Amino acid sequence: AIDMQGDDSNANEFVKGVQLDLVRDKVFVFTPKGQIKDLPAGATPLDFAYRIHPDVGHRTIGAKVNNRLVPLDYKLKNGDIVEVVTTRAGHGPSRDWLNPNLGYVKTGHSREKIRQWFKRQEREENIERGREIIEKELRRMNLSLAECEQDMLKIYKYDHLDDILAALGYGGGSAAPIPRQPAPLVHTDTH
C-alpha cells in the first residue's frame, strides 16, 4: 500500500508540473467588461484583438492596457486589462504586422487572419484590373462582357467569371485567347 501512495504522489506531482508548464506558456488578460481571455505568452494587443474577432483586429489602430496607451507590439502580462482602439473607416491591417522581427503578432491565428485579409483585398483589386483588360479587348471586337460571359468560361476553362478576371488581373493569364478565338464569342443566328 505504501508503494501505491508513492506512485500517486509522483503522478500528482507530474500533473501539477504539466499544469504549471501550460500556465507558464499562457497569459491571462481581461476585457474591459471583465471577461478572461487566455493567449500564448508573448501575445500582443493585436493578438488579443484578433481573438475577440477578425474584424476587430483588422480595424485596430491602437491599444490601452490598464488604461494606458501602449504600442501594438507590447507584450501582455497576466492580469492586464486590454482595450482595443479601432476605427470605423475601411482601415485594414498593416503588412508590417506579419513581419516576425517587428513582434506585432505572436499567434498563428492572428497571422492567418491578416494573410486572409490581404488575399481578399488583392483578389478584389485583381478582379477590377482583369475586368478592365477584358472589357478593353471586347470593345475592340464590338462585344460586351455580359454577352460573352458563358463563352469566356469555356475558353478560359473556369467555373466563375470572377476567377477569370482575378487571374487576368494578377497576370496569371492574358486576354490574348479572345482575339485569336473570336468565333465562339461572335454569335450569328443561322436560323
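# A briefing on the predicted fold

Asparagine 66 sits in the loop between β3 (60-65) and β4 (68-70). This is a predicted model, in which local features need pLDDT of at least 70 and side-chain atom pairs count only at pLDDT 80 or more, while totals for chains, interfaces and linings use all residues. Residues are numbered from 1 along each chain as its sequence is written, and side-chain values use heavy atoms, with hydrogens and water left out. Here is a tour, starting with the overall layout.

**Overall layout**

- The chain holds 7 helices and 5 strands; helices (H or I, at least four residues) and strands (E, at least two) are DSSP runs, numbered from the N terminus.
- Read from the N terminus on, the elements follow the order α-β-β-α-α-β-β-β-α-α-α-α.
- Of the 191 residues in the chain, 32% are buried; buried means under 20% relative accessible area, exposed over 50%, and partly exposed in between (1.4 Å probe, protein chains only).
- Taking contacts between residues at least 6 apart in sequence, 57% join residues at least 24 apart; a contact means heavy atoms within 4.5 Å.

- Asparagine 66 has a positive phi of about 55° although it is not a glycine.
- Its relative accessible area is 37%, so asparagine 66 is partly exposed.
- Asparagine 67 belongs to the loop between β3 and β4 as well, and has a positive phi of about 65° without being a glycine.
- With a relative accessible area of 70%, asparagine 67 is exposed.
- As background, most residues other than glycine have a negative phi.

**Helix α2 against helix α4**

- Helix α2 (residues 45-52) is mostly covered, with 6 of its 8 residues buried.
- The buried residues of α2 are Pro45, Leu46, Asp47, Phe48, Ala49 and Tyr50.
- The axes of α2 and α4 come within 9 Å and cross at roughly 75°; axes are lines fitted to C-alpha atoms, for helices over the stretch in contact, and angles run from 0 to 180 degrees between N-to-C directions.
- The two helices α2 and α4 are therefore roughly perpendicular to each other; angles of 65 to 115 degrees count as roughly perpendicular, under 35 as roughly parallel, over 145 as roughly antiparallel and the rest as oblique.
- On the α2 side, Leu46, Asp47 and Tyr50 meet His109, Ser110, Lys113 and Ile114 of α4.
- By class, this contact of α2 with α4 has 3 nonpolar, 2 polar and 2 charged residues; Ala, Val, Leu, Ile, Met, Phe, Trp, Tyr, Cys and Pro count as nonpolar, Asp, Glu, Lys and Arg as charged, and the others, Gly among them, as polar.

- Helix α4 (residues 108-140) packs with helix α5 (residues 145-156) at an angle of about 110°, their axes being 12 Å apart.
- That makes α4 and α5 roughly perpendicular to each other.
- Arg131, Ile134, Glu135 and Leu138 of α4 make this contact with Leu145, Cys148, Met152 and Tyr156 of α5.
- The contact of α4 with α5 has 6 nonpolar, no polar and 2 charged residues.
- Helix α6 (residues 161-169) packs with α4 at an angle of about 90°, with the axes 6 Å apart, and α4 and α6 are therefore roughly perpendicular to each other.
- From α4, this contact draws on Arg123, Asn126, Ile127, Arg129, Gly130, Arg131, Ile133 and Ile134, and from α6 on Asp162, Asp163, Leu165, Ala166, Leu168 and Gly169.
- These residues of the contact of α4 with α6 divide into 6 nonpolar, 3 polar and 5 charged.
- Glutamate 122 is also placed in α4, and at 33% relative accessibility glutamate 122 counts as partly exposed.
- Glutamate 122 and glycine 169 are 47 residues apart in sequence and 9.6 Å apart in space, C-alpha to C-alpha.

**Aromatic rings**

- Searching the whole structure turns up 1 aromatic pair; rings of Phe, Tyr and Trp (its six-membered ring) pair if their centres lie within 6.5 Å, and planes under 30 degrees apart count as stacked, over 60 as edge-to-face and the rest as tilted.
- Tryptophan 117 and phenylalanine 118 have ring centres 5.0 Å apart and planes at 85°, so the pair is edge-to-face.
- Tryptophan 117 is buried at 16% relative accessibility, and phenylalanine 118 is buried with a relative accessible area of 10%.
- Over the ring of phenylalanine 118 sits the charged end of arginine 95, 4.1 Å from the ring centre; a charge sits over a ring if NZ of Lys or CZ of Arg is within 6 Å of the ring centre and within 35 degrees of the ring normal.
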